[in-house]
Amino acid sequence: MQILKSWIEKIFSSDYRPSRRDLALILFAIFAFAFTLRLARSFQIERIEKDGIMYILIADDIAKNGFDNAFAINPRLPPLHILLIALGIKLGLAQEATGILISVLSGALMVFPIFFIARNLFRSFLPCILSALLIAVYPNLARLGGEVLRDPLFQFFSFFAIWMIMQGLKSGKLVFHIFAGISVALATLTRSEGVEVMLAYFLFCAWEMIFPLAGFTVFRQKAKRTLFLLTVFMISFAVTTIPFEYTMQKTMSEWHVIDLRMKDYFTPLLIYFKIKQ
Amino acid sequence: MVGYPYQGRYFHPLVLISIFPASAGLIIIAEYLKRFKIKNTLAWLSLLVVIICTIKVLNPPSKKDWLKTIPDTIKANHTGNGRRIVLISSFEDGRLPYYSSQADFHLIKPLMVDFFLDANIQSVDKNLGIIAELKQSGQFLINLNGTRSQIHLLITREVPRKFKSLSFSWAKSPKDVSINVKFKKDLASDFESIESVRSDKEQIVFKEEILAKQFLITMNFNASIEWRLTQISGHSFDSYQVFSEKYYKGSMKWLPENFDYGFQSLFQAAEAWGGKNVFILFDSPKKEIEDAWTARGLSSNLKFIGEFKTHKKQSASLYQGGY
């Protein structure tokens with residue numbers, strides 16, 4: 001008890017700087033708590049969410065009959081979450097259990113990208129650990145983390161991408177940009193809105209180029225490097241998504257990497273200008 | 001990062017972003033609480049947050065017991081000699097058939113809803129682009145608002161027989177509204193001007209004899225209008241039809257089965273699809289349904305199984321076929 005008390009006092013003191021081992025232990029403890037909480041919630045659920053049934057039925061159809069007709073139920077659905085459930089069914093896991101396991105795991109894994117994004121935002125260690133803790137216990141996220149829904153997976157990939165983008169632009173290392181491209185692609189393959197994370201990347205790039213404000217020579221150097229990294233990012237995004245796009249075209253799916261419904265965002269503007277004319 | 005803001009969970013990315021200022025805010029609150037000479041304020045505060053959140057996670061606000069009770073009741077009453085359960089339901093919730101041993105699922109819908117979803121509304125003013133917006137509020141009402149345009153309303157299906165007439169009315173009465181209606185002779189032909197209707201009044205009514213055709217209404221108007229489809233006679237029970245999910249034009253759609261309208265369609269479906277393996281779930285109380293049968297002089301082939309309440313306190317009555 002005394003050890004626990006001294007540990008808590010240590011962690012919650014404002015000048016605490018943990019060793020790598022301590023940091024790993026703290027993060028693992030928060031992850032374990034998040035995982036347990038979501039798992040406990042999933043045991044309470046007697047009937048999963050309505051959308052979850054649709055994912056399960058499509059995944060089950062894929063596992064039993066292949067891709068041909070599976071997406072007819074909802075042709076606009078992105079494939080990744082459903083394919084993961086289908087993989088679980090193929091491996092002999094129960095339909096609902098697979099879907100729940102994906103949500104529990106990805107929901108609990110959220111603590112890591114959130115912690116490291118916070119590390120880029122705050123100087124102190126304390127708000128970072130609190131951010132991870134709040135993500136672990138936030139009621140609505142934890143509840144949905146025990147459901148068969150694609151939101152936890154989408155959120156995990158989105159925030160993992162943001163973490164990678166931040167690390168990439170901070171360190172300039174190529175590997176982070178490659179991982180950023182892949183994780184934005186995985187977010188897009190989970191929910192169509194995932195492609196919007198790319199906007200965050202473009203904004204970060206623009207910020208990087210413009211805000212040294214140190215004359216044209218520096219801007220040109222920065223711009224060259226940033227455009228190179230942007231190209232790497234886009235290539236890794238394309239390499240991850242194109243095989244899915246190509247495969248899905250042969251099925252009844254109408255899903256595309258860029259959701260064609262996005263044009264609807266601009267309809268009010270078009271109407272406005274047309275009427276103005 | 002937020003998609004269409006229809007459900008609370010679509011706002012989760014905003015919640016996730018707000019976690020960062022919230023954690024900083026927690027530290028500020030803890031600093032403030034130090035004034036009350038409490039030791040380890042941040043640790044206690046964090047513990048309090050964790051406990052409250054954990055309790056909230058494990059005690060969700062609405063328990064949808066009916067989604068468990070109804071499928072369990074169906075399974076308990078299923079004596080269909082090994083035949084697959086067929087569920088015909090007024091509630092479009094995939095959990096009901098899934099938990100009833102993956103039952104074959106059909107919907108009871110008043111036909112008008114689908115009738116409108118199938119209506120194709122478009123502007124034909126090429127310079128103006130799309131200006132019409134189709135809104136469906138309630139079962140039998142559409143509001144179509146636009147300005148300075150010509151609108152085509154293409155009705156691609158027969159209007160249900162139980163609706164004696166179809167009328168359009170507009171809220172404002174601009175002087176230069178004109179309506180032309182062209183009817184289709186048969187499915188193969190193009191639209192031909194069999195009958196043309198003009199009206200400068202505030203309402204136009206189509207009689208029963210012309211409703212069993214596809215027709216195209218062209219409306220020229222110069223102000224915002226509201227179109228209202230009016231049900232002249234009959235209760236929504238009379239427009240009931242059984243729908244099945246079928247592949248149609250690239251995706252699965254709810255399409256009507258070839259039964260009659262009203263309760264008769266359900267009696268016929270129960271007979272056609274087996275009998276005791278067929279369960280029908282109405283979104284009305286038993287008394288209301290059986291009074292309606294009596295009032296219409298119908299003899300039912302259904303047996304009452306039970307009445308339930310949804311989490312929104314709506315009545316649901318379950319019947320079994322084969323009697």
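The points below go from conventions and confidence to individual helices and residues.

1. This is a predicted model, in which local features need pLDDT of at least 70 and side-chain atom pairs count only at pLDDT 80 or more, while totals for chains, interfaces and linings use all residues. Residues are numbered from 1 along each chain as its sequence is written, chains are lettered from A and ligands numbered from 1 in the order in which they are written, and side-chain values use heavy atoms, with hydrogens and water left out.

2. On confidence, pLDDT being the predictor's confidence in each residue, from 0 to 100, chain A has an average of 89, and 94% of its residues score at least 70. Among the elements of chain A, the highest mean pLDDT, 96, belongs to helix α5 (residues 95-109), and the lowest, 66, to helix α13 (residues 267-276). Where pLDDT is low, the predicted coordinates should not be read in detail.

3. Chain A contains 13 helices and 0 strands, where helices (H or I, at least four residues) and strands (E, at least two) are DSSP runs numbered from the N terminus. Its C-alpha atoms fill a box of roughly 60 × 60 × 40 Å along the principal axes, and 49% of its 277 residues count as buried, that is, under 20% relative accessible area, with exposed meaning over 50% and partly exposed in between (1.4 Å probe, protein chains only). Of the contacts in chain A between residues at least 6 apart in sequence, 72% join residues at least 24 apart, a contact being heavy atoms within 4.5 Å.

4. Helix α7 (residues 126-137) of chain A has 12 residues and spans 17 Å from its first C-alpha to its last, close to the expected 16 Å, the expected span being 1.5 Å times one less than the number of residues. Because 12 of the 12 residues of α7(A) are buried, the helix is largely enclosed by the rest of the structure. The cover over these buried residues includes α1, α2, α6 and α8 of chain A, together with α1 and α2 of chain B.

5. How do α2(A) and α2(B) cross? The axes of α2 (residues 20-44) of chain A and α2 (residues 41-58) of chain B come within 9 Å and cross at roughly 25 degrees, and the two helices are therefore roughly parallel to each other (angles under 35 degrees count as roughly parallel, over 145 as roughly antiparallel, 65 to 115 as roughly perpendicular and the rest as oblique). The contact is made by Phe33(A), Leu37(A), Ala40(A), Arg41(A) and Gln44(A) on one side and by Val50(B), Thr54(B), Val57(B) and Leu58(B) on the other.

6. In chain B, Ser265(B) lies in helix α6 (residues 263-272) and is buried, with a relative accessible area of 0%. Apart from neighbours within four places in sequence, Ser265(B) contacts Tyr240(B), Gln241(B), Val242(B), Phe259(B) and Asp260(B). Ser299(B), by contrast, sits in the loop between α7 and β15 of chain B and is exposed, at 69% relative accessible area.

7. Ser101(B), although not a glycine, has a positive phi of about 55 degrees, and Gln102(B) has a positive phi near 50 degrees.

Terms used. Axes fitted to C-alpha atoms, helices over the stretch in contact; angles between N-to-C directions.
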